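Subject: Structure handover

Hello,

The structure is shown below, and my notes on it follow. Please keep the two together when you read them.

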Amino acid sequence: MEGPTPVSALIHAATMVTAGVFLIIRCSPLIDLCNISLITITIFGSLTAFISATIGVLQNDLKKIIAYSTCSQLGYMIFICGLSNYSVGLFHLMNHAFFKALLFLCAGSVIHAIADEQDIRKMGGFLKILPLTYTMMLVASLSLAGFPFLTGFYSKDVILELSFAHYTLHANFAY
């Protein structure tokens, strides 16, 4: 869904991601009763994380890159819920909401500064033009990438540790 950048920030940080993951977390007592549903959730969540990240790498539109990244992070949250670690999924959901909203708001600042151009092939050299936006986007991107001592590092590290320590075939596939 396309829209103004502040609206995109709200959709991707607050509603779209929150609704699906929160529903899975709220239905956890029912989901835990069926082992096949947990396996299915884990496999589809990990496939979503990988495929969405791969598609995002090939995009040229700034907002589409961030949107596909959101879908990839949604895959992380879903597959850790499939391993019955719902609190970790909620932890990553909260972290993701903050750094993704910051990314979208910074993207809006960049797009507005260069006359509504969204093609990243035509961008560059924003450190001198937009120093605050550059710094905030760098911090949000590093957090999204899981750079140590930022929030994304702690939530993604726990997700990967738990999937590695969960000795099942579907957890190894997700890892």
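Of the contacts in the chain with a separation of 6 or more, what percentage comes from residues 24 or more positions apart? The figure is 71%, where contact means heavy atoms within 4.5 Å.

Some ground rules come before the rest. This is a predicted model, in which local features need pLDDT of at least 70 and side-chain atom pairs count only at pLDDT 80 or more, while totals for chains, interfaces and linings use all residues. Residues are numbered from 1 along each chain as its sequence is written, and side-chain values use heavy atoms, with hydrogens and water left out.

Overall build

The chain has 9 helices and 0 strands; helices (H or I, at least four residues) and strands (E, at least two) are DSSP runs, numbered from the N terminus. In sequence order the pattern reads α-α-α-α-α-α-α-α-α. Along the principal axes, the C-alpha trace spans about 55 × 30 × 25 Å. The radius of gyration is 17 Å, which agrees with the value near 16 Å that a compact globule of 175 residues would have. That radius is taken over C-alpha atoms, and the globule rule is 2.2 Å times the number of residues to the power 0.38.

Of the 175 residues, 41% are buried. Buried means under 20% relative accessible area, exposed means over 50%, and partly exposed is in between (1.4 Å probe, protein chains only). The chain exposes about 9700 Å², and carbon and sulfur atoms supply 72% of this area. Accessible areas come from the Shrake-Rupley method with a 1.4 Å probe, and for residues only the protein chains shown count as cover.

Nonpolar patch

F44, L47, F50, I51, I55, Y68 and F173 make a nonpolar surface patch of about 680 Å². Patches are made of residues with over 30% relative accessible area and no salt bridge; like charges are joined within 9 Å, and nonpolar side chains (Val, Leu, Ile, Met, Phe, Trp, Tyr) within 5 Å. Helix α3 (residues 35-57) gives the most to the patch, with 5 residues. I51 is found in helix α3, and I51 counts as partly exposed because its relative accessibility is 45%.

Aromatic pairs

Rings of Phe, Tyr and Trp (its six-membered ring) pair if their centres lie within 6.5 Å; planes under 30 degrees apart count as stacked, over 60 as edge-to-face and the rest as tilted. By this rule the count comes to 3 aromatic pairs. One of them joins F153 and Y154, edge-to-face, at 5.3 Å centre to centre with 75° between the planes. F153 is partly exposed at 25% relative accessible area, and Y154 is partly exposed at 39%. Another pair, F164 and Y175, is tilted, with 5.0 Å centre to centre and 50° between the planes. F164 lies in helix α8 (residues 151-165) and Y175 in the segment after α9 (169-174), so this pair ties together parts that are 11 residues apart in sequence. F164 is partly exposed, at 49% relative accessibility.

Salt bridge

A salt bridge is a side-chain nitrogen of Lys or Arg within 4 Å of a carboxyl oxygen of Asp or Glu, and the count by this rule is 1. The side chains of D119 and R121 form it, at 2.9 Å from N to O. D119 is buried, with a relative accessible area of 15%, whereas R121 is exposed at 61%.

Loops

Most residues other than glycine have a negative phi. D116, which is not a glycine, has a positive phi of about 60°. D116 sits in the loop between α5 (86-113) and α6 (126-129) and is exposed, with a relative accessible area of 60%. F149 also has a positive phi, near 75°. F149 lies in the loop between α7 (131-145) and α8 and counts as exposed at 71% relative accessibility.

F147 is found in the loop between α7 and α8 and is partly exposed at 45%. Not counting residues up to four places away in sequence, F147 touches L142 and F153.

Leaving aside neighbours within four places in sequence, L83 is in contact with T42, S163, H166, H170 and A171. L83 and F153 are 70 residues apart in sequence and 19 Å apart in space, C-alpha to C-alpha.

Regards
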